[in-house]
Amino acid sequence: MRLDPLYQSKVVCACCESSYQTSRVRPSLKRAIRSDSDFCSYFKTVNPDYYVVRVCPFCGFAATENFAERLNDRQRAEYLERMGKQWQPRDYGGERTQEDAMACYKLALLTSQTVGEKDRVIAGLLHHIAWLYRYEGNRPQELRFLQFALESYVRMYESERDMVNNARLLYLIGELNRRVGQYHESVRWFSRVIHDKNIVDASMIRASREQWTVLREEMAAGGIDLPEEMRQNGA
């Protein structure tokens, strides 16, 4: 008998406090077959990312596990006024298509912005939406949301630098700058990972060196002047 890749998980809505069921992917099926340099993953069968967002069927409050567990009265009132009142009850608790996943992520993005979630939460949602557009092959929308994600990651670095894995975040900012064509900014961020003696994350240093090489090739191919630090050394 074939095991269903999805299982049901009970969730209590942080806004209206109703209980509902949402689908999750079994841990044994979460292994990616490959990943892009900005951590976008590809899966053989079902994509676990489709089920990261939980959507309350009663009030529409959409969240991930990274959202704050509780809302204060102001946040609840703000959400209900701006989004909850317009919600038409529907259930995303079963199997999701890529279109469903996109709808859930965009609901979570609007929810996070409405209740004032942290930049780290908003950046993650924006980045996942960019990945969904990448799966579709919609390059203009992918780049648009990568730019939004990049701006949120930079704000996150500026406001939470002591609370995050700096090397991974610095690398990610460098890589998203490369992907949206902001090459000189990309050089600056990769350089920090490679040359900062306080960074000891070997995997991120190695990844930054690899993307530094990719970046240099792209800049040379595009006839873009290499910055001094790129001409002086090979990272």
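Which residue forms a salt bridge with Glu 142? Select Glu 142 together with Arg 134: the two form a salt bridge, and their closest N and O atoms are 2.8 Å apart. Here a salt bridge is a side-chain nitrogen of Lys or Arg within 4 Å of a carboxyl oxygen of Asp or Glu.

Before going on, keep in mind that this is a predicted model, where local features need pLDDT of at least 70 and side-chain atom pairs count only at pLDDT 80 or more, while totals for chains, interfaces and linings use all residues. Residues are numbered from 1 along each chain as its sequence is written, and side-chain values use heavy atoms, with hydrogens and water left out.

Stay with this pair and show the surface. Glu 142 is buried at a relative accessible area of 5%, and Arg 134 is buried too, at 12%. (Buried means under 20% relative accessible area, exposed over 50%, and partly exposed in between, with a 1.4 Å probe and protein chains only.)

Next, select helix α5, residues 166-179; helices are DSSP runs of H or I with at least four residues, numbered from the N terminus. Within α5, Arg 178 and Glu 175 sit 3 residues apart, about one turn of the helix. Their salt bridge has its closest N and O atoms 2.7 Å apart, and both residues are buried.

Now widen the selection: Arg 34, Asp 36, Asp 38, Arg 134, Arg 139, Glu 142, Glu 175, Arg 178, Arg 179 and Glu 218 are linked in a network of salt bridges.

Glu 81 is partly exposed at 46% relative accessible area, whereas Lys 85 is exposed at 61%. In total, the structure holds 15 salt bridges.

Conventions. Helix = DSSP H or I, 4+ residues; strand = E, 2+ residues; numbered from the N terminus.
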